[in-house]
Amino acid sequence: MPAPAPAQTLLPEIAAILPASINDTWTHGQVKAVEDLLIEQGTFHFPRLETGLFAAATSVADDFHLTGYQNVWVRDNVHVAHGHFLWGEQAIAVQDVQALLAFFATQKQRLANMIEGRTTPDQIQQRPHIRFNGRTLTENSESWSHAQNDALGYFLWLTSKLATTGQLELSIEQAALLNEFPHYFQAIDYTTDEDSGHWEEERKVEASSIGVVVAALKLWAVILDEHPQFRTAGRGATSEFCSQLVHRGEDALARILPYECRQENSRKVRAVDAALLFLIWPLQVTTEPMARTIVANVTEQLAGPYGIRRYLGDSYWCADYRTLVSAEKRSTDYSEDQSARDQLLKKGFEAQWCLFDPIISIIAGEWYRTHGQPEDLALQKFHLLRALTQLTLPESRFGPYKCPESYFCEAGSYIPNDITPLLWTQANLRLALVGMLQSLSS
């Protein structure tokens, strides 16, 4: 069963350009005109801090400062910077990664402490920090769910990717820092380590985290082969060492996928999670048959008329969230215990996120350009249309043409949540348009 038709219609200016049906013929010129319109309307405005990093979101909401989204998340920065890299603004991506390298240089002792056994994986606040002050490149003082192997993996992955393409020239000191990461992943045994993952919640052994580390180690192994001088930098590392860790991760993925989590504890079993989409794109660590299974599971079980749920039973931004949860607690650290928040959820009223339809459109476009099958092009168009209908409308409190984090139900109606616009959503939507242009050019 495919995802449902979108609940909202296209903004009039978009509808005047692009046919609102996947059965109509779309042209390269029409899609390019939509991209140009959204650029003109500021949909793809990505404000940067002086350091070159991106805060997670910007908002005009009065209590936005209480959300914490003015901070820098490593994961979001990687996805946003990767988008800039792909659509041709490589210098912005490189500056972002250089700033992340500078921050993680301040985390080298935390890496070493874990590798050398002075700290243990259950000491969460002693792990490298994945949310921090992007203006000063310093740690935040509050407790946070820093057990996020996916975030560390994303950093190593994009840094390696920029280096392999020649966009980023690494120093010996930076290579020494990056060599810590394979040893860190070995020390915590990333294939069995319970982390908080993409959604920063109760710790589990998550396929979506393991897969990010696998992708990162594969690329860092390439760097070590291309630059022999890096193999002895700092603690040292070899491509063979990275490959051994990769094989362990691939074995773990074979045991878990297409599930997100398979553990004896029933609370830590999750059959479907939209975070698995990232293993397909941009990370490309699944086979195509597995990728098609994951996409089918997500669209059949998680898609709603406004967006796609992260997972069934997700209580973050559940119905009437602003009424039920005070502003300062809406984005707090729930990794130790989210049972109180989960009790607020009414079945079927999970928030519907705007991150995922663009990603599915990108994935379907990759399939179409590989195989030329019309059903893949139809899937690409369908999820791009869904993504475009998720843009805020003129009557929204945020104004039109904004990319929300999600839609949630308030007083019986679905509206954008306070995290609007979310830069990660913006990047995904623009990349979906880029992918559509590529498909129409093939």
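**The nonpolar core and its surroundings**

Let me begin with the largest nonpolar core, which has 142 residues, and in which the residues with the most contacts are Ile 14, Leu 38, Phe 185, Trp 220, Leu 277 and Leu 388. By nonpolar core I mean a set of buried Ala, Val, Leu, Ile, Met, Phe, Trp, Tyr and Cys residues joined through side-chain atoms within 4.5 Å, where buried is under 20% relative accessible area, with a 1.4 Å probe and protein chains only. The largest share of this core, 13 residues, is given by helix α8 (residues 207-226), helices being DSSP runs of H or I with at least four residues, and strands runs of E with at least two, numbered from the N terminus. Both domain 1 (1-41 + 307-441) and domain 2 (49-271) give residues to this core, so it lies between them; the domain bounds come from an automatic or database domain assignment.

This is a predicted model, in which local features need pLDDT of at least 70 and side-chain atom pairs count only at pLDDT 80 or more, while totals for chains, interfaces and linings use all residues. Residues are numbered from 1 along each chain as its sequence is written, and side-chain values use heavy atoms, with hydrogens and water left out.

Turning to helix α5 (residues 108-115), its buried residues are Arg 110, Leu 111, Ala 112, Asn 113 and Met 114. Among the elements that cover them are β3 (138-139) and α7 (172-188), with contact meaning heavy atoms within 4.5 Å. After α5 comes Gly 117, whose phi is positive, near 85°.

Key:
Buried < 20%, exposed > 50% of the residue type's maximum accessible area, 1.4 Å probe, protein only.
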